[in-house]
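Subject: Structure handover and notes

Dear colleague,

I am passing on the structure we spoke about, and my notes follow below it. Please read them with the model open beside you.

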Amino acid sequence: MNISDLEPSGLWRNFANLNAVPRPSKKEERIIQFMKSFGEGLGLDTVVDHIGNVIISKPGSKGMENRKGIVLQGHLDMVHQKNSGTDFNFDQDGIKMKINNDWVMAEGTTLGADNGIGVAAIMAILESQEIIHPPIEALFTIDEETGMTGANELKEGVLKGDIMLNLDTEDDRELTIGCAGGIDVNISGTYSENTVPAQCDKCLELKVSGLTGGHSGMDIILGRANANKLMNRILFQLLTDNLVALISIDGGGLRNAIPRESTSKFAFKSSHSGEVNDRIRATVDEIKIEFAITDPELKVELIDSVVDATCIEASFAKNLVHSLYACLSGIYRMSPDIENLVQTSNNLARVFVKDGKYNIQCLTRSAIDSEKMDLANSLKATFNLIGAKVTFSGSYPGWKPQPDAGIVKLMEEIYRLKFKGEPLVNACHAGLECGILGKNYPNMEMISFGPNIRGAHSPDEKVQITSVQKFWSLLLDTLEQIPAARS
């Protein structure tokens with residue numbers, strides 16, 4: 001069966017069409033043009049704003065013209081991650097999809113269900129002549145995954161709707177009414193290089209791979225291993241005992257993905273081979289026991305390499321590894337108000353050390369802005385100790401829950417009647433655009449929901465077919481039951 005043959009057919013067809021268009025964050029030119037052509041092809045009012053957000057407006061169905069206006073919102077970009085053995089060019093290739101029982105997934109890459117399923121659902125509504133709905137403004141933002149640029153740049157007064165339905169959460173039982181804010185912590189600097197000691201006649205590449213990874217907000221509570229932290233733990237043992245000359249580190253990637261892979265390179269005396277291998281093996285054995293449940297596919301490889309001419313100056317290498325050891329990665333504090341909700345966390349997303357320069361990136365999240373900044377400042381202090389330049393960027397606010405909002409009460413009731421159970425009305429530890437959009441639209445009621453998506457931001461990403469059907473049904477019933485606007 002082809003993806004386009006699944007039900008609801010309009011949604012899946014549009015999802016397949018979306019996934020044929022490369023849409024990496026900050027490179028959304030093609031998908032912006034695709035959406036512009038889509039809206040104009042339907043004869044609908046279509047606008048691309050100054051930053052690249054696409055807004056498509058559709059009048060209400062017959063008899064629904066006077067209902068409250070709805071903003072259907074999703075983001076156009078997707079996280080690009082692939083397995084190391086997958087030959088794929090995200091700038092050129094469309095996502096290759098497959099069906100595995102009740103799930104749709106990609107072949108060795110992220111799927112783009114985050115947020116492609118939400119976008120495809122909106123597209124299906126815009127093109128339908130049968131679906132009953134109030135007046136709609138479809139807002140497709142750009143660069144949600146790497147800076148929320150589109151949401152930040154949306155001007156006041158552009159949208160007229162009363163209610164926003166954000167279609168960007170990943171559990172079909174959840175009605176999300178709040179989220180964490182975040183800030184990027186950027187660490188950089190230079191270091192002195194030394195000639196690799198003449199007695200260091202052997203060189204190895206150490207590669208950590210096979211970790212589960214995942215979304216650095218939603219999945220941080222699961223306690224999965226971070227490849228940058230595991231690599232640093234191994235290097236700490238080797239450098240503390242003066243066994244190796246460190247040459248380079250290259251780990252992680254996107255700031256909002258828990259790192260799955262890291263590679264380092266170091267030289268040493270061949271006479272120390274046994275000791276080096278023993279230290280690595282002992283540390284790896286400890287790690288495998290600790291992460292046996294969360295990261296069962298963890299793999300550590302030692303690959304023979306050619307000795308480089310230069311290495312990191314020894315004292316700086318130790319100081320750097322000590323700072324990375326002190327850098328928190330994971331949960332900082334759980335919410336005292338909401339059970340099982342992470343309040344504040346940090347993801348050590350990227351570590352790159354080579355040729356006299358280093359760059360380290362973290363994404364710090366919190367529902368409490370002051371606590372977000374407190375943790376960010378603690379990271380800054382940690383790396384200031386080695387003379388690093390530390391800057392903050394991309395700060396965005398959290399979204400304060402409003403549990404008594406009319407749209408929340410309406411969707412709770414629809415869910416109960418339709419699915420014979422209670423929805424989970426909650427806040428999440430991800431960064432949704434609602435908090436940012438709410439700055440310029442403080443009176444707009446907002447809620448977020450979506451189908452079951454697992455493994456977002458990793459090549460294990462998949463979306464459940466039957467859950468998409470549940471999500472679609474809930475969305476259509478909600479549109480049909482939106483109340484009349486006050487006269």
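Helices (H or I, at least four residues) and strands (E, at least two) are DSSP runs, numbered from the N terminus. This is a predicted model, in which local features need pLDDT of at least 70 and side-chain atom pairs count only at pLDDT 80 or more, while totals for chains, interfaces and linings use all residues. Residues are numbered from 1 along each chain as its sequence is written, and side-chain values use heavy atoms, with hydrogens and water left out.

The largest pocket

On a 1 Å grid over the protein atoms alone, a pocket is an open set of points where a 1.4 Å probe fits, with protein on both sides within 12 Å along at least five of seven lines, whereas a cavity is a set from which the probe cannot get out; lining residues have an atom within 4 Å of a point. The largest pocket holds about 550 Å³ of space, a volume being the space filled by probe spheres set on the points, which are joined across faces, edges and corners. Its lining consists of 23 residues, and D171, E174, M218, D219 and I221 are the ones nearest the centre. Two or more lining residues come from each of β20 (424-428) and β22 (453-454), and β20 gives the most, with four residues.

S448

S448 belongs to strand β21 (residues 445-448). S448 counts as buried because its relative accessible area is 0% (buried means under 20%, exposed over 50%, partly exposed in between, with a 1.4 Å probe and protein chains only). Leaving out residues up to four places away in sequence, S448 touches N166, D168, T169, E174, L175, T176, W399 and L432, where contact means heavy atoms within 4.5 Å. With N166, the side chain of S448 also forms a polar contact of 2.6 Å, that is, a pair of N or O atoms within 3.5 Å, of which, within protein, one must be able to donate a hydrogen and the other to accept it, and residues adjacent in sequence count only if both atoms are side-chain atoms.

A120

A120 is part of helix α3 (residues 113-127) and is likewise buried, since its relative accessible area is 0%. Apart from neighbours within four places in sequence, A120 is in contact with L11, N14, F15 and L18. A120 and G74 lie 46 residues apart in sequence, yet their C-alpha atoms are 9.2 Å apart in space.

With best wishes
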